[in-house]
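Hello,

Here is the structure I promised to pass on. Have a look at it first, and my notes follow below.

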Number of protein chains: 2
Amino acid sequence: MYSQRSSWLYVAPSSHFSLANIPFGIISTSANATLRPAVAIGEYVLDLKAFSQGNGFSGDLNIREILGDSFQQCNLNAFAALGRPFHRKVRAYLQEILATDTKYPQLLKNNTNLREMAILRLADVTNHVPMAIGDYTDFYAGKHHAYNVGALFRGPSNALQPNYTHLPVAYHGRASSIVVSGTSIRRPWGQVVLDPVAEPKIPSFTPSQKLDFELELGMFVCSSNQLGHPIPVSKADDYIFGYVLLNDWSARDVQAWEYVPLGPFTAKNLGSSISPWIVLADALEEYKTRGIENRTSYAQYLEQPVEVKEKSVLRVDLEVELISASGNKSIISRSSTRYMMWSWAQMITHHTVTGCNLRTGDFLGSGTISGPNEGTEGSMLEQTQDGKSNIMIGGDEARQFLEDGDTVIIRGVAGKDGALVGFGEVAGMIKPAVPKSTFY
Amino acid sequence: MYSQRSSWLYVAPSSHFSLANIPFGIISTSANATLRPAVAIGEYVLDLKAFSQGNGFSGDLNIREILGDSFQQCNLNAFAALGRPFHRKVRAYLQEILATDTKYPQLLKNNTNLREMAILRLADVTNHVPMAIGDYTDFYAGKHHAYNVGALFRGPSNALQPNYTHLPVAYHGRASSIVVSGTSIRRPWGQVVLDPVAEPKIPSFTPSQKLDFELELGMFVCSSNQLGHPIPVSKADDYIFGYVLLNDWSARDVQAWEYVPLGPFTAKNLGSSISPWIVLADALEEYKTRGIENRTSYAQYLEQPVEVKEKSVLRVDLEVELISASGNKSIISRSSTRYMMWSWAQMITHHTVTGCNLRTGDFLGSGTISGPNEGTEGSMLEQTQDGKSNIMIGGDEARQFLEDGDTVIIRGVAGKDGALVGFGEVAGMIKPAVPKSTFY
């Protein structure tokens with residue numbers, strides 16, 4: 001277990017980026033604007049472009065050969081496409097390089113020149129969206145969320161649609177507006193029905209008054225299947241590169257008016273924020289547990305063996321912090337990735353059931369992950385019952401939905417202090433809507 | 001008018017690719033597998049990579065300079081990104097090069113070497129998806145289709161949702177499964193409720209029994225806007241690169257079960273076929289007319305001046321041919337792109353209203369375009385009333401939906417013989433479903 005090893009770089013016990021993690025991202029610096037791969041370790045990053053150019057992979061010539069120039073790229077797609085068994089090897093090799101008792105002290109630990117080139121302070125790097133994302137699909141696997149929202153709009157007895165327990169419901173999202181943590185989000189304009197009772201319904205054109213976050217886990221795909229050839233559920237785990245936190249910003253008032261009959265569109269494509277460091281699938285292998293039970297006898301193509309079901313979802317603790325423009329702050333929700341009813345393998349298989357081809361770099365969202373209790377909701381819509389109650393921040397500021405200047409921060413972490421496998425955070429601040437004159 | 005000019009290359013009067021057209025595509029040949037840009041003219045193509053390398057653009061040094069290496073690329077994105085005024089210039093230049101009375105006979109017409117290099121037979125080239133498509137969005141602007149389908153499932157009085165005349169309804173589609181004409185489509189497996197009356201609804205896992213085509217026009221985007229900054233409707237036409245025919249294959253039985261509450265997903269991502277040659281926006285400028293009238297007083301950001309409304313949609317005649325495995329064939333539908341209720345500019349603006357960023361290469365579908373009368377339906381769902389009546393092919397074969405071995409061909413053309421501006425066709429054949437064992 002790497003939890004037993006320490007790094008020659010200082011890693012605080014509370015760091016999400018322990019030696020047990022080794023998450024991959026894309027960085028640039030003020031001194032070098034080139035986008036390049038890196039891994040995070042404690043308060044540092046290892047620049048993988050500099051490391052590989054400085055012969056850092058010469059400890060394993062097989063790895064060096066297979067890597068080729070994948071760490072000279074501006075995204076992680078080439079590396080991801082090399083496959084899960086290889087990611088595992090590279091991660092283990094980097095853990096070895098960074099361990100106090102490394103077998104290869106001459107390659108980096110005692111190589112002052114390369115350390116100066118390749119070790120950067122985390123605080124000094126700029127993160128970028130780490131993959132070239134072909135398509136983005138958002139699932140709806142958080143059953144408590146689906147139930148809460150359904151109950152709000154259709155009542156508790158019709159909360160879940162009849163298909164919900166038979167298949168992982170999902171819709172195609174917008175890849176272009178996926179942004180990295182730290183990017184501000186503009187309050188959107190849109191068509192909103194302000195009086196939901198009056199008939200006929202007449203929409204107003206207004207900045208959204210129900211801007212919300214969604215607490216999700218996101219997954220990057222590392223392989224591809226041919227169009228027309230579904231991925232069996234037994235093979236689906238091989239398509240998982242790794243995970244990030246996802247905040248799928250949503251304009252609830254826009255969504256309510258636009259979404260029939262084809263689903264959410266402009267209510268969702270205004271932006272989706274992700275945490276910058278991809279935690280590899282293998283880094284989370286030991287943090288798995290049972291998901292929400294599904295008693296429906298669903299189709300066999302989605303069925304997984306009992307021993308797999310026991311470890312069908314990740315056990316990552318999630319929290320949402322809300323910070324107002326005046327600096328008040330509160331943790332407004334605590335949830336867990338365990339509150340999913342479908343496994344990632346089931347979602348991958350269902351995605352391809354009619355023949356859809358996945359490609360390396362595709363991004364899948366879990367859907368909003370709410371827990372079963374008060375204070376575990378993954379959206380303000382649920383927590384305020386569509387604005388009927390307040391969320392308090394710092395004791396004296398009340399929110400029904402997000403206000404201009406609010407910052408939402410999602411954090412996620414697994415494991416124990418000293419060996420945490422965490423995501424860091426995804427943060428985004430709400431900027432005021434553009435002036436109406438923009439449209440004319 | 002280019003309709004007055006002829007080309008020194010033979011162009012049959014019935015050719016969709018007259019000198020008045022000059023559509024752009026991406027080709028390869030058995031002799032040269034490199035993907036490269038080309039334009040179609042009659043039964044020929046002009047290889048633009050060979051033409052530019054052979055100094056073909058030396059007649060206009062300004063064009064040559066701005067072009068740079070955009071015709072050395074494997075897709076048309078770089079060329080598209082140069083903007084509509086420039087596309088117009090390049091198209092006019094190529095018309096000049098190809099005209100019988102060309103000002104530049106020495107560049108190609110009388111340049112035997114370059115002609116041998118750059119002029120290929122259309123029958124000898126393989127076409128490819130011409131753009132690197134970032135995101136695909138499918139609209140629902142064909143009002144007759146929306147009405148027909150709504151009436152089928154909700155009755156005539158509730159056929160159109162209340163939002164339909166206020167905004168261009170759309171959903172995000174799947175970019176990875178967009179394929180070029182000629183690619184076969186596998187009959188998909190999926191979850192289907194075979195007995196729609198029984199409660200509770202229990203889905204069966206089966207090859208789709210309601211596989212359908214959708215007759216659409218597709219549009220490629222040639223510019224980008226910044227996230228958070230909507231495109232005003234007055235500027236939206238600048239984002240249109242050109243058009244192709246689109247067949248958005250749909251598994252109706254899968255769709256009926258999966259689509260609540262987030263819209264179509266696996267029923268649509270099994271494949272979408274496009275015609276290979278992009279007809280530039282400017283080639284169709286003179287084929288514009290009024291769309292379907294919308295008497296709703298919709299939001300001002302979608303409002304266009306009266307003179308623009310008079311020319312808000314294209315006037316392209318569409319037809320659908322169905323050919324069975326045994327060779328029987330019939331034109332089963334004739335429609336027109338005029339049967340749209342929203343203009344492309346309105347769709348672009350609405351797409352970005354909440355701040356979504358479009359990128360060069362993005363692809364937008366019109367939605368199914370049905371006419372008002374029998375025989376003008378853009379899908380079998382409408383024409384057979386969800387399988388309740390037959391479509392006859394060649395007099396003695398009956399169809400409710402597509403059968404294995406069926407080929408669907410969509411054609412579209414504007415203008416008059418000798419100066420046609422057409423799309424050629426998008427064709428696709430249905431292959432049998434993969435064996436069930438694929439899933440296990």
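How many positive and negative side chains does chain A have, and how far apart do the centres of the two sets lie? Chain A has 38 positive and 43 negative side chains, with the two centres 3 Å apart. Lys and Arg count as positive and Asp and Glu as negative, leaving out His and the chain ends; each charge is placed at NZ of Lys, CZ of Arg, CG of Asp or CD of Glu.

Before the rest, some ground rules. This is a predicted model, where local features need pLDDT of at least 70 and side-chain atom pairs count only at pLDDT 80 or more, while totals for chains, interfaces and linings use all residues. Residues are numbered from 1 along each chain as its sequence is written, chains are lettered from A and ligands numbered from 1 in the order written, and side-chain values use heavy atoms, without hydrogens and water.

On to the fold. The C-alpha atoms of chain A fill a box of roughly 75 × 55 × 40 Å along the principal axes. Of its 440 residues, 62% count as buried (under 20% relative accessible area, 1.4 Å probe, protein chains only). Among contacts (heavy atoms within 4.5 Å) with a separation of 6 or more in chain A, 72% join residues 24 or more positions apart.

Now the pair. Chain B is superposed on chain A by a rotation of 180 degrees with 0.0 Å of shift along the axis (RMSD 0.0 Å), using least squares on C-alpha atoms of residues with pLDDT of at least 70 in both. That is the relation of a two-fold axis. In chain B, the C-alpha nearest the axis belongs to Gly263(B), at 2.1 Å.

Best wishes

How values were computed
Buried < 20%, exposed > 50% of the residue type's maximum accessible area, 1.4 Å probe, protein only.
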